[in-house]
2 protein chains.
Amino acid sequence: MVEAGVHYNPHLSVDCVIFGFTGDQLKVLLVERINTKPAQKTKHKLPGDLIHILEDLNGAAERILYELTGLKNIFLHQFSVFGNPDRMSNEEDRNWLEESSGLTINRVVTTAYFSLIGIDNSNSKNEIKNNASWHDINALPELAFDHAEIIRDGLESLRKEIRYEPICFELLPEKFTIREIQVLYEVILGQQLDNRNFRKKLLKAEYIEPLNIRQKGVAHKPAMYYTFNKDIYEGRNKEQSFYNF
Amino acid sequence: MVEAGVHYNPHLSVDCVIFGFTGDQLKVLLVERINTKPAQKTKHKLPGDLIHILEDLNGAAERILYELTGLKNIFLHQFSVFGNPDRMSNEEDRNWLEESSGLTINRVVTTAYFSLIGIDNSNSKNEIKNNASWHDINALPELAFDHAEIIRDGLESLRKEIRYEPICFELLPEKFTIREIQVLYEVILGQQLDNRNFRKKLLKAEYIEPLNIRQKGVAHKPAMYYTFNKDIYEGRNKEQSFYNF
């Protein structure tokens, strides 16, 4: 029999790390804490909030992301739980949360989600609203709570995920050049890749199909366009991707 | 301002899916709910419990695994949170938890961990105690709560993890045959693999080194032993493993 006194019930929240790819940069979606008194030293945080009483975690993440940023119909990958008992130890953060929630806050355990979407001025699909804004992953402002750590871990999870899920291909336009897909990988991985090896390995994949269409109106030698064939990808013999020696 | 009434604080627990590899079978570690009244229809569950008040989730998982099964110094991979509001809806499960914890239970959100260890009668390192026992992954008894689902998801996570982490190599004895490592992959993946492709791909990895020692006293043609060179694995050019087309 465990003593009842040693347990207690923390608050539960969700936080969303939404990565946005612009074509040559990786950004993260942040929201601003506004109308707070006293004024906050640290303004930015991830879109996230406490969950409702009968809400499923995934459902809460979708609702909160929509309410705070206007984004919806985005696939959210749950990647980690942050439950360090000290994560509310910053007084400014705790005061803000108590004021904005009307609750007395001790411990908050948060479940974190990530997603990768395309952002583009001409693309109204992923328009954001309210106090949400995109920030370059390499120049983030100071962040509330442990949100810098959550973003770091979210990026690690994204880097793992692109090894075995076609997230990157689904992000690109229907026709793309090898250079475009390589830039996407380089931006996510945060490092340059060897052009020759990348090209060689990519062109071996039967689900990457040449379109026999070339770029037009470019100053350099026009590159070939390729397309991602999802049917082939899903129907391929996956056996060898199970072991990646 | 959110209404305080819509939030409430669930209980928090951890559950551990410990996979054990015997050399040719994959097993899962379960514990028995004993000394309960009335007697339980469903006896088995994963090793798991409610966390303590100031306990970190990872620390709680280690403590609870040790208390319930005797296992320690095992690397636990956090893989998912199970927070469905209905997961305590089975009356027998809820009654048992209330009785054993002395608490009134509404909602319990659990953070799940998996690990893969070697089990072997000659290996006293991973000896288990109390009411813990190993069960074949393909013949599990009826399980309490949503533990069957947690095991399924844990196995999926293990299958992903072996694609980019050397978990399997670290599990094998210092010298192993190609057949032994293939059986380990087959048992985890739950399917036969093509011998020729597997061998070819494995032997291309420079961190798998032939020992020029062969099996002795076997009825078939004695196989070559290989070893896993962790230094080469960690020092290798990882670039190409970042994209697995």
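Analyst: Copies are superposed by least squares on the C-alpha atoms of residues with pLDDT of at least 70 in both. This is a predicted model, in which local features need pLDDT of at least 70 and side-chain atom pairs count only at pLDDT 80 or more, while totals for chains, interfaces and linings use all residues. Residues are numbered from 1 along each chain as its sequence is written, and chains are lettered from A and ligands numbered from 1 in the order in which they are written.

Two copies of a chain are related by a rotation about an axis and a shift along it. Here a rotation of 180 degrees, with 0.0 Å of shift along its axis, places chain A on chain B with an RMSD of 0.0 Å. That is how a two-fold axis relates its copies. The residue of chain A that comes closest to this axis is Asn9(A), whose C-alpha lies 2.6 Å from it. Both copies use the same surface, since 100% of the contact residues of chain A recur in chain B.

Two residues are in contact if their C-beta atoms, placed from the backbone, lie within 7 Å. By that rule, 48 residues of chain A meet 48 residues of chain B. On the side of chain A that touches chain B, at least two residues each come from β1 (11–21), β5 (77–82), α2 (91–101), β6 (108–118), α3 (147–164), α5 (178–189) and α6 (195–204) of chain A. Helices (H or I, at least four residues) and strands (E, at least two) are DSSP runs, numbered from the N terminus. The most residues on this side, five, come from α6(A). By type, the side has 25 nonpolar, 16 polar and seven charged residues. Nonpolar means Ala, Val, Leu, Ile, Met, Phe, Trp, Tyr, Cys and Pro; charged means Asp, Glu, Lys and Arg; the others, Gly among them, are polar.

The chain holds seven helices and nine strands, and its C-alpha trace spans about 65 × 45 × 30 Å along its principal axes. Of its 245 residues, 29% are buried. A residue is buried if 20 or more other C-beta atoms lie within 10 Å of its own, exposed if 12 or fewer, and partly exposed in between, with C-beta atoms placed from the backbone.

Helix α1 of chain A runs over residues 57–69, and its buried residues include Leu57(A), Ile64(A) and Leu68(A). The cover over the buried residues of α1(A) includes β1, β2 (26–32), β4 (48–50), β6 and β7 (132–136) of chain A, together with β5 (77–82) of chain B. Just after this helix, Gly70(A) has a positive phi of about 85 degrees.

On the chain B side, Arg87(B) sits in the loop between β5 and α2 of that chain. Arg87(B) counts as buried because it has 20 C-beta neighbours inside 10 Å. Leaving out residues up to four places away in sequence, Arg87(B) touches Phe82(B), Val108(B), Phe145(B) and Asp146(B).

Key:
The expected span of a helix is 1.5 Å times one less than its number of residues.
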